[in-house]
Amino acid sequence: MNKDQTFEFFRRLAENNPAPETELEFGNTYQLLVAVVLSAQATDIGVNKATRELFREIKTPAQMVALGEEGLKQHIKTIGLFNSKAKNVIALSEKLVAEHGGEVPTDRDTLVTLPGVGRKTANVVLNCAFGAETFAVDTHVFRVSNRTGLARGKTPVQVEARLERAVPQPFRRDAHHWLILHGRYTCKARLPECWRCPVNDLCAYGHKVMVKPSAKGKRVADGE
């Protein structure tokens with residue numbers, strides 16, 4: 001995808017959704033950090049269901065430490081890998097209290113030293129909480145970037161680096177949100193809904209499905 005196509009790609013996504021946001025629910029930066037850590041290999045819907053009651057009670061790292069690992073597990077036991085995630089959330093909360101005055105760091109290098117926080121999680125927090133122009137490459141962003149030809153790479157780090165070079169202003173701050181939402185609701189893993197995709201003519205995918213399948217498996221024109 002060349003520069004003009006990339007600009008048009010994001011222009012159309014922006015036109016369809018001018019103010020994209022994460023679908024994780026949170027009330028402050030610390031809660032965002034916890035939610036993103038919990039969202040690994042889990043859906044945002046599932047995380048939100050588990051954290052609504054938790055976040056009514058727990059708003060700071062100190063409160064989380066006081067809740068304790070077993071108490072946290074009771075809140076998040078419906079989330080995959082909840083045992084290891086509870087351990088990491090308590091450990092990162094203890095580190096925030098001990099080393100950062102209970103505040104979430106504002107730089108990636110420090111964020112990734114927290115237990116359970118990798119580069120993707122750090123990028124989400126930096127973007128959503130602090131407005132940084134970061135590119136968090138989850139499975140949706142990785143798939144859309146490769147499938148469309150926007151930013152191909154064999155690893156999330158490679159895709160992130162290519163997005164960093166390719167995405168123009170004024171789209172950089174919200175780019176990863178558009179890509180996540182596009183992958184979640186349109187450019188799906190099993191059956192991309194190319195027939196209703198606003199950027200299908202810009203996409204390099206070689207197996208586009210341009211006719212909507214019916215409930216019985218037959219293909220019908222969109223809107224029928």
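# Notebook: a helix pair and its surroundings

**Entry 1, H8 against H9.** I started with helix H8 (residues 139-148) and helix H9 (residues 156-166), whose axes come within 10 Å and cross at roughly 65°. I am working from a predicted model, where local features need pLDDT of at least 70, side-chain atom pairs count only at pLDDT 80 or more, and totals for chains, interfaces and linings use all residues. Residues are numbered from 1 along each chain as its sequence is written, and side-chain values use heavy atoms, with hydrogens and water left out.

My terms for this entry: helices (H or I, at least four residues) and strands (E, at least two) are DSSP runs, numbered from the N terminus. Axes are lines fitted to C-alpha atoms, for helices over the stretch in contact, and angles run from 0 to 180 degrees between N-to-C directions.

I looked up the handedness too: H8 passes H9 in a left-handed crossing, meaning that the near helix is turned anticlockwise from the far one by less than a right angle.

Which residues meet here? From H8 I noted Val141, Phe142, Ser145 and Asn146, and from H9 their partners Pro156, Val159 and Leu163. Contact means heavy atoms within 4.5 Å. I sorted the residues of this contact into 5 nonpolar, 2 polar and no charged. For that sorting, Ala, Val, Leu, Ile, Met, Phe, Trp, Tyr, Cys and Pro count as nonpolar, Asp, Glu, Lys and Arg as charged, and the others, Gly among them, as polar.

Buried means under 20% relative accessible area, exposed over 50%, and partly exposed in between (1.4 Å probe, protein chains only). The buried residues include His140, Arg143 and Arg147. Their cover includes helix H1 (3-16), H9 and H10.

I moved on to His182, which sits in helix H10 (residues 175-185). His182 counts as buried, at 5% relative accessibility. Setting aside neighbours within four places in sequence, I listed the contacts of His182 as Leu13, Val144, Cys187, Cys197, Pro198 and Val199.

Cys197 is in none, as the nearest cysteine sulfur, that of Cys203, is 6.6 Å away. Cys197 is buried, with a relative accessible area of 12%.

I looked for Glu94 and found it in helix H5 (residues 82-100). Glu94 counts as partly exposed, at 43% relative accessibility. Glu94 and Asp4 are 90 residues apart in sequence and 47 Å apart in space, C-alpha to C-alpha.

I stepped back and counted 10 helices and 2 strands in the protein chain. The radius of gyration is 19 Å, close to the 17 Å of the globule rule for 224 residues, so the chain is as compact as a globular protein of that length. That radius is taken over C-alpha atoms, and the globule rule is 2.2 Å times the number of residues to the power 0.38. The C-alpha trace spans about 55 × 40 × 30 Å along its principal axes. Of the 224 residues, 43% count as buried.

Methods
A disulfide is a pair of cysteine sulfur atoms within 2.5 Å.
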